[in-house]
Amino acid sequence: TATAVAGAHLARSERLSPVVGAFARLTPDLALQRAADLDDAVARGGSDAPLLGVPCPVKDLNPVAGVGWEAGSAAMRGTVADVDDDIVGWLAAAGTVMTGKTATPEFGLPCYTEPDGAPPARTPWDLRRSAGGSSGGAAAAVATGLAPIAHGSDGGGSIRIPASACGLVGLKASRGRVSTGRLR
């Protein structure tokens, strides 16, 4: 079930995220409720969502309503988003389960992920080495098995650098292929 999958990924994330610096925050209550809702939908006759029940954390540069949103910056500490960014809604419509917000460097600017006041994102293959940035938390999460996929963004290598540092494939869609959404 989606609930069992979400629970397993959350348990692994609680245990290993501090080691690799993958998450800015986990959202277990939201994730388990979302997974239960998806399981109920399936029991009532199904859903044709292509990513039904797949755990997919969201990078902490993108707001999720009711969830802390700090963009790796002490200046934003304690900020809680009022609305979802469009990509959050698109991922939900595809059937994903957001297990948390992945770490990012301050405002996504550096090519390494060392958020203020939080552990740096590290590649699980060698914890002495950076996971890159700015989607370093997302790459560390996927490479460590904390999620099968993760949301990332890339203006100058922010998906590609962490993917290469963590031994993953990172997809940066061609400009214009994915909408920048209404909040941009």
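**Packing of helices α1 and α2 in the predicted model.** Helix α1 (residues 2-20) packs against α2 at an angle of about 160 degrees, the axes being 8 Å apart; helices are DSSP runs of H or I with at least four residues, strands are runs of E with at least two, and both are numbered from the N terminus. Axes are lines fitted to C-alpha atoms, for helices over the stretch in contact, with angles from 0 to 180 degrees between N-to-C directions. The angle makes α1 roughly antiparallel to α2 (over 145 degrees; under 35 is roughly parallel, 65 to 115 roughly perpendicular and the rest oblique). On the α1 side, Ala2, Thr3, Ala6, Gly7 and Leu10 meet residues of α2 that include Pro28, Ala31 and Leu32, where contact means heavy atoms within 4.5 Å. This is a predicted model, in which local features need pLDDT of at least 70 and side-chain atom pairs count only at pLDDT 80 or more, while totals for chains, interfaces and linings use all residues. Residues are numbered from 1 along each chain as its sequence is written, and side-chain values use heavy atoms, with hydrogens and water left out.

Leu30 is found in helix α2 (residues 28-43). At 45% relative accessibility, Leu30 is partly exposed (between buried, under 20% relative accessible area, and exposed, over 50%; 1.4 Å probe, protein chains only). Leaving aside neighbours within four places in sequence, Leu30 is in contact with Val67 and Met98.

**The three-stranded sheet.** Three strands form an open sheet of mixed pairing, ordered β1-β3-β2; two strands pair if DSSP finds at least two bridges between them. β1 (23-26) and β2 stand at the edges with a single partner strand each, so one side of each has no neighbour in the sheet. β2 pairs with β3 (residues 100-102) in the parallel sense over two bridges. Val58 has Lys101 in β3 as its bridge partner.

**Ser73 in a loop.** Ser73 lies in the loop between β2 (58-59) and α3 (86-93). Its relative accessible area is 1%, and Ser73 is therefore buried. Not counting residues up to four places away in sequence, Ser73 touches Glu106 and Phe107.

**The largest nonpolar core.** This core has 11 residues, among them Val20, Phe23, Leu146 and Cys166; a nonpolar core is a set of buried Ala, Val, Leu, Ile, Met, Phe, Trp, Tyr and Cys residues joined through side-chain atoms within 4.5 Å. Helix α4 (residues 136-143) gives the largest share, four residues.
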